[in-house]
Amino acid sequence: MFEEYNPINEKIFRVIDNDGKVINKKWMPEIDNERLVKAYKDMLFARTADLQTVSYQRQGRIYTYPPNYGQEAISVATGMVMRDEDWLVPAFREMGAYLAKGGTLKDIFLVFMGHEDGNVFKNANHMLPMSVPIASQLIHATGIGYEIKYNKKKEVVYAFCGDSGTSEGDFHEAVNMAGAWKVPVIFMIQNNQYGISTPFKVQTASKSIAIKSVAYGIAGIQVDGNDIFAMYQAIKAASDYALAGNGPVLIEAMTYRKGAHTTSDDPTKYRTKEEEDAWDLTDPLKRMKAYLISKKLWSQKEEDALVVEFKKEVERQFVEAENYPAYKIGDVFGYMYEDMPDDLKKQQNDYENFLKWKEARK
Amino acid sequence: MKVMNMVNAVNDALDIKLKEDRNIIVYGEDVGVEGGVFRVTEGLQAKYGADRVFDSPLAESGIVGTAIGMAAAGLRPVVEMQFSGFAYPALNQIISHVSRLHNRSRGRYKMAMVIRMPYGGGINALEHHSESMEAFYAHIPGLKVVIPSTPHDAKGLLISAIESNDPVIFMEPKRIYRAIKQEVAEEKFTVPIGKAKVLTQGTDVTIVTYGALVREVQKAMVMAKEAGISVELIDLRTIYPIDKETIAASVKKTGRIITVAEAPTSFGIGAEIAAIISEEAFLHLEAPPKRVGGFDTIVPLPRGEHFYLISPERIFYEIERTVKY
Ligand SMILES: Cc1ncc(C[n+]2csc(CCOP(=O)(O)OP(=O)(O)O)c2C)c(N)n1
C-alpha cells in the first residue's frame with residue numbers, strides 16, 4: 001500500500017465515493033457485518049455527543065469545547081485497529097479514539113467543565129492526557145516508541161495532531177527522530193483544512209503533509225479521512241508495518257472541520273458557505289450510511305431509535321460530570337509533587353487560614 | 001476622545017503606527033483575516049494589506065525567529081503570541097537571540113520588535129491559557145517587559161514599545177480586555193516605559209501591583225477605607241526596567257508594602273520589590289514586606305481556579321495583617 005500510494009505521486013487513497021459506492025475494490029477491507037455496523041454506531045455516538053456538547057456549551061453548562069463534527073471516521077477507524085496494549089497520544093479533537101480506548105464521555109466532559117480529573121481517563125490503558133500545546137505531544141509518542149522497541153514489545157503508538165500543527169518544529173523533530181530510531185509510531189494528522197481561521201495553504205508550500213514522510217525516509221500516505229474503509233485499511237497497514245519493525249508511518253487524513261474551531265470561534269469570518277456545502281458531500285457518516293443501507297445492514301428507522309438512546313446516554317454522563325464532587329483546595333496542591341515541599345504545604349495552610357477568616361467575617 | 005476598551009486601544013496603537021511607519025509589520029497566528037482570536041488586530045489587514053498584517057503558520061519559534069531577521073534587516077515587527085502559554089516554543093529565539101543580538105553585535109543590530117501576548121487567568125479557559133510569566137521574561141537580561149492596566153496606558157505604552165529600539169515583551173491582561181472602558185485620546189500619545197504611576201495617594205500602606213490586579217486591589221481598597229486604612233496604590237506599568245524610585249519614595253512615606261501579583265509567588269516580581277525595599281528603604285519599614293500572590297502551583301482549571309485567583313478579600317486580609325503587624 002505504501003508503495004502504491006507513495007505521496008510523491010500525489011494520489012489520495014480512497015475506497016468508497018461520496019455516495020458510498022466502492023470504487024477501489026482491491027482495497028475494500030473484509031470486515032464482518034457486525035463490526036461494520038458497530039463502527040457506524042460509534043461514529044453516530046461521537047457525532048451525537050459532539051453536537052449535544054455544543055448545545056450544552058450554548059446553555060452555559062460547559063466551557064470552551066473543540067467540536068469533532070465531520071472528523072469522526074478518523075478516530076473511529078483508529079479505534080477499530082488500536083488494541084488495548086497500543087498507546088494513544090492525543091491532541092484534543094479525536095473523541096472516537098478516546099472512547100475506543102476506554103475513556104468515557106464523562107471524562108471528556110470533566111476536562112471541558114474545567115476539572116483535571118477528567119484527563120486521568122482512568123479506564124483507558126496506555127493513553128496520555130489531552131495535549132493543548134500544538135504538536136508538542138508528537139515527540140512524546142516517539143519516546144514511547146523507543147520504550148516499545150527497547151523492551152521488544154509488540155505495541156504501536158497512535159499520535160494525533162492537526163494540519164496546522166505540522167508547521168511547528170515539534171512535528172518535524174518527532175517525525176525525524178521516529179524515523180532515525182525506526183520506532184513504531186503512527187503519526188495521525190487530521191487535515192481538517194484549518195487551524196482556527198488559517199487555511200492549510202497559509203501553513204506550507206508543500207502539496208501535502210503526507211509528502212513530508214518522503215524527506216524523513218519513512219512510510220506515508222494521504223487518505224480520504226472521511227472514508228472509513230480507506231482509513232481502516234491505511235491504519236491496519238500502518239499498524240502491521242510498524243509491528244513488523246519497519247518504523248513509523250505518517251498518515252495524512254483529509255477531512256473537514258464542519259463545526260467551529262471551538263465554541264468561541266465563528267467560522268463565517270473566514271470561510272464560505274459554498275466551501276462548506278462542497279465538503280458536506282463528503283461527510284463520513286453520510287457515506288458509510290449509504291453503503292450500509294445499500295447492503296441492507298442499516299435503516300433510517302434504526303438510526304432514529306438509536307439516536308434517541310444515545311442522546312439519553314450523553315445526557316446521563318453529562319449530568320454525572322456536572323454533579324462531580326466539588327473542587328477542593330487539596331486538588332490544587334495535591335498533585336504538584338509526589339513529595340510535597342514544606343513551603344507548598346505552608347501556602348495551602350495559609351490559604352486555609354484565610355478561608356476561615358473569610359468565613360468568620362460573614 | 002473616544003471610549004475604548006483595551007482591545008480597541010491596542011488596535012488603535014497598532015493602527016497609528018502602521019499608518020506612520022511602513023517598516024511596521026504585524027503578524028502572528030490568526031492575526032490577519034480573522035483579526036486575532038481576541039479581535040485585537042481586527043480590520044488592520046483590510047486597511048494595510050496582507051504584506052503588512054498577516055496570518056503566519058502555526059509556529060511560535062518561526063514567528064519570533066523571522067522577526068529577528070526582519071529587525072536585523074531594518075523592519076520593525078510587532079508579533080503576537082496567541083496566548084502567553086503558547087510562547088514557549090519561541091523561548092529559544094527570545095533568550096538566545098532577541099535579548100542578545102544587540103549585545104552580541106555590539107549594538108550593530110537593533111532588535112526593535114514587540115512581542116505581544118495576552119496573559120493571566122480568570123477567563124475559565126483550558127490548560128495553558130491562564131499563566132502569568134512576567135517574572136520569567138523580566139529575568140532575561142536584554143528584554144523590556146511592559147504590562148498595562150487600562151486602555152489609556154495600553155495605547156500609550158504600546159506606542160512607546162513599538163518606537164523603542166530595544167525588544168519589548170508586551171503582556172496584555174486578557175481578563176480586562178473588554179471589562180474596562182474609558183475615554184482615550186484619539187491622536188497619538190505615549191506613556192513612558194520604565195515609569196510606575198501612583199494611582200491613589202495614601203499614608204498607611206503602599207500596594208504595588210499591575211495588569212488585571214489593579215482593579216482587584218481597588219476593590220480591596222474600598223474595604224480598607226471602611227476599616228479606616230489609607231492605601232497608596234502604585235501601578236507598576238513596566239516590570240523591567242522597574243521604577244525603583246517611585247516604589248521606594250512611597251514606602252518611605254507609608255512604612256509598609258504589599259505586592260499583589262497573580263503569578264506564582266516564589267522568585268517573582270513581589271520578591272524583587274521586597275528586595276528593592278530592603279535595599280532602598282529598610283529603615284523606614286514598620287512591617288515586613290508582604291507578597292500576595294499566586295500559589296506555587298499550576299493554575300487550576302476553571303472549577304478550581306477561584307482558589308488560585310486573588311480576590312479583593314484576600315488582599316484586604318493581608319492589608320489588615322500588615323497594618324496591624
Ligand atoms: C503551541 C500552540 N500555539 C497555539 C495554540 C493555539 N491554538 C489552539 S488550536 C490551534 C490551531 C490548531 O490547528 P490544527 O493543528 O490544524 O488542529 P485543529 O485545531 O484544526 O484540530 C491554535 C493556533 C496552541 N494550542 N498551542
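# Charges and patches on the surface

Reader: Let me start with Glu245(B): does it count as buried or exposed?
Author: In this predicted model, Glu245(B) counts as exposed, because its relative accessibility is 60% and the cut-off for that class is over 50%.

Reader: Where is the place of Glu245(B)?
Author: Glu245(B) sits in helix α9 of chain B, which covers residues 244–254.

Reader: And which residues form the negative surface patch?
Author: Glu245(B) forms that patch together with Glu272(B), Glu279(B) and Glu280(B). Helix α10 of chain B, residues 269–280, supplies the largest share of the patch, namely three residues.

Reader: Switching to nonpolar side chains, which residues make a nonpolar surface patch?
Author: In chain A, Tyr146(A), Tyr150(A), Met177(A) and Trp181(A) make a nonpolar surface patch of about 430 Å². The elements giving two or more residues to this patch are α5 (136–150) and α6 (169–181) of chain A.

Reader: What about Met177(A), how exposed is that one?
Author: Met177(A), which lies in helix α6 of chain A, is partly exposed, with a relative accessible area of 31%.

Reader: Now salt bridges: how many does the count come to over all chains?
Author: The count comes to 44 salt bridges over all chains. One of them joins Lys346(A) to Asp350(A), where the closest N and O atoms are 3.0 Å apart.

Reader: Why are Lys346(A) and Asp350(A) separated by about one helical turn?
Author: Because the two residues are four residues apart in helix α14 of chain A (residues 342–361), about one helical turn separates them. Lys346(A) is partly exposed at 48% relative accessibility, and Asp350(A) is partly exposed at 34%.

Reader: Which salt bridge in chain B links distant parts of the chain?
Author: Glu163(B) and Lys188(B) meet in a salt bridge at 2.5 Å, N to O. This pair links distant parts of the chain, 25 residues apart, with Glu163(B) in helix α7 (residues 151–163) and Lys188(B) in the loop between β8 (182–184) and β9 (197–200). Glu163(B) is partly exposed at 33%, while Lys188(B) is partly exposed at 35%.

Reader: And Glu216(B), is it buried or exposed?
Author: Glu216(B) is buried, since its relative accessible area is 6% and buried means under 20%. Its salt-bridge partner is Arg215(B), at 3.9 Å from N to O, and Arg215(B) is partly exposed at 26%.

Reader: Which residues do salt bridges with shared partners join into one network?
Author: Arg47(A), Glu72(A), Lys258(A), Asp280(A) and Asp283(A) are joined into one network in that way.

Technical notes: Residues are numbered from 1 along each chain as its sequence is written. Chains are lettered from A and ligands numbered from 1 in the order in which they are written. This is a predicted model: local features need pLDDT of at least 70, side-chain atom pairs count only at pLDDT 80 or more; totals for chains, interfaces and linings use all residues. Side-chain values use heavy atoms; hydrogens and water are left out. Patches are made of residues with over 30% relative accessible area and no salt bridge: like charges are joined within 9 Å, nonpolar side chains (Val, Leu, Ile, Met, Phe, Trp, Tyr) within 5 Å. Accessible areas come from the Shrake-Rupley method with a 1.4 Å probe; for residues, only the protein chains shown count as cover. A salt bridge is a side-chain nitrogen of Lys or Arg within 4 Å of a carboxyl oxygen of Asp or Glu. Lys and Arg count as positive and Asp and Glu as negative; His and the chain ends are not counted. The place of a charge is taken as NZ of Lys, CZ of Arg, CG of Asp or CD of Glu. Buried means under 20% relative accessible area, exposed over 50%, partly exposed in between (1.4 Å probe, protein chains only).
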